[in-house]
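Work through the exercises below with the model open. Try each task before reading its solution.

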Amino acid sequence: MGLTQHRRGIDNVRMLCNLLLMRGNIGRDGAGICPVRGHSNVQGQRTVGISEKPELVPLDRLAEQYGFEPPREKGLDTIGTVEGVLDGSVRAFIGMGGNFARAAPDTYRLEEAWKRLRLTVNVATKLNRGHLLCGEVSLLLPCLGRLERDVQATGDQKVSMEDSTTCIHASLGTHEPASPDLLSEPAIVGGMAKAILGDASRAPWDDWVGDYSLVRDAIEATYPVDFAEFNDRLHTPGGFPRKIAARERRWETDSGRAEFMVPDTLCATGFDDAQGRYRMVTVRSNDQFNTTVYGYRDRFRGIDGTRRVLMMSHEDIEQAELEDGDLVDVLTDAAVEEGGEATERAVGGLRVVARNLPRGCIVGYYPELNPLLPVGHHAIEARVPAGKSIPVRVRPAAGDGSAPVPAGPSPV
């Protein structure tokens with residue numbers, strides 16, 4: 001994410017690929033690119049066609065298999081979903097896990113608009129703050145976690161997952177479920193599908209829910225190359241890899257060769273430096289997974305007891321006529337027009353913490369500082385929220401400030 005979450009994030013990745021191509025790394029064992037995408041199946045869902053981009057999905061094959069006409073128009077990514085909630089064109093949201101409203105940009109505006117949704121549905125293993133944000137009709141559907149036994153009509157079920165090296169593994173829950181009333185995610189999705197589609201669907205929802213190996217057979221039928229003998233290979237030690245052309249030094253380009261990408265700028269932020277403008281990076285602590293914060297001791301940065309901090313270089317603190325420990329407000333340094341009005345984005349009451357950082361670069365925690373990230377500030381082409389380079393200003397806090405003083409030694 002440090003590479004991708006910039007306006008020019010895709011150029012960051014291209015430049016890294018250029019370097020590895022020049023070194024001859026691509027296609028050599030142990031020397032290629034290994035992007036860390038996130039949790040255990042971020043890659044896997046895209047591999048089996050869960051995508052807002054119709055060109056990435058074998059729509060004709062799915063239409064033939066299941067006797068329906070798949071939508072061919074482009075769907076909504078994170079940015080499009082937030083924009084749709086804000087302008088009212090999105091009327092319902094169904095989330096399979098996660099904490100979308102807190103993880104997404106423009107948090108304050110999004111949370112206010114969220115209440116106007118007609119329907120919100122959250123399928124979840126644990127409660128989170130996003131579940132307190134309800135549409136006019138709101139459903140919270142607890143489900144089995146991946147560590148819990150998933151017993152269906154044919155017995156204990158296994159699921160599959162794909163790791164960052166494109167290797168596919170089996171996963172089998174062994175813990176007793178927290179409640180006998182918990183349904184699995186496939187059971188919930190299958191139940192929704194049957195309730196909505198009825199006899200209009202040729203998909204064997206009950207069979208799939210009762211035996212997940214049939215789901216894998218169906219995936220193999222749709223993707224016969226990547227998932228040949230899917231069930232037979234599921235327990236391969238270390239997982240079995242999908243076929244990646246670059247791994248075999250096959251270049252799927254018009255020229256048939258590896259091609260270098262030339263950026264038109266060497267700055268990834270997408271905005272110019274200016275007097276009083278900082279480049280803000282949002283980060284997670286060592287005891288945090290996505291938006292879930294397990295504690296308030298960040299060993300990475302020597303901060304204990306609070307997350308309401310703003311890390312600045314000693315030089316920037318001095319130049320701003322501040323002191324270590326002062327309370328400040330942070331404001332987005334871009335007046336974004338929405339509905340004819342300039343919207344100000346601000347987070348207040350952050351305590352300044354001196355750390356060894358590059359001049360002009362300041363650091364705060366995610367998701368607390370997501371309100372400072374305009375929905376329109378995202379990676380060009382990739383549309384990833386640019387949370388690693390947000391243009392901001394800093395001013396002395398307007399309020400009295402009750403945030404606790406961070407304690408602990410500096411790690412640098």
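**Exercise 1: The sheet**

Six bridges connect strand 2 (residues 119-124) with strand 3, and the two run parallel. This is a predicted model: local features need pLDDT of at least 70, side-chain atom pairs count only at pLDDT 80 or more, and totals for chains, interfaces and linings use all residues. Residues are numbered from 1 along each chain as its sequence is written, and side-chain values use heavy atoms, with hydrogens and water left out.

Task: work out the strand order and find which strands stand at the edges.

Solution. 
- Start from a pair. Leu-119 has Val-137 in strand 3 as its bridge partner. Two strands pair if DSSP finds at least two bridges between them. Strands (E, at least two residues) and helices (H or I, at least four) are DSSP runs, numbered from the N terminus.
- Place the helix. Helix 7 (residues 185-197) packs on the sheet and touches strand 1, strand 2 and strand 3. Its direction makes about 150° with that of strand 2. Angles run from 0 to 180 degrees between N-to-C directions, and axes are lines fitted to C-alpha atoms, for helices over the stretch in contact.

**Exercise 2: Helix 4 and its neighbours**

Task: describe the two ends of helix 4, its buried residues and its crossing with helix 6.

Solution. 
- Begin at the N-terminal end. Asp-77 caps it, with a side-chain oxygen 3.3 Å from the backbone nitrogen of Ile-79.
- Go to the other end.
- List the buried residues (under 20% relative accessible area, 1.4 Å probe, protein chains only). In helix 4 (residues 78-87) they are Ile-79, Gly-80, Thr-81, Val-82, Gly-84 and Val-85.
- Find their partners. These buried residues pack against strand 1 (92-96), helix 5 (100-103) and helix 6 (107-114).
- Take the contacts (heavy atoms within 4.5 Å). Val-82, Val-85 and Leu-86 in helix 4 meet Arg-109, Leu-110, Ala-113 and Trp-114 in helix 6.
- Finish with the geometry. The axes of helix 4 and helix 6 come within 8 Å and cross at roughly 55°.

Definitions and conventions. Buried means under 20% relative accessible area, exposed over 50%, partly exposed in between (1.4 Å probe, protein chains only). A polar contact is a pair of N or O atoms within 3.5 Å; within protein, one must be able to donate a hydrogen and the other to accept it, and residues adjacent in sequence count only if both atoms are side-chain atoms.
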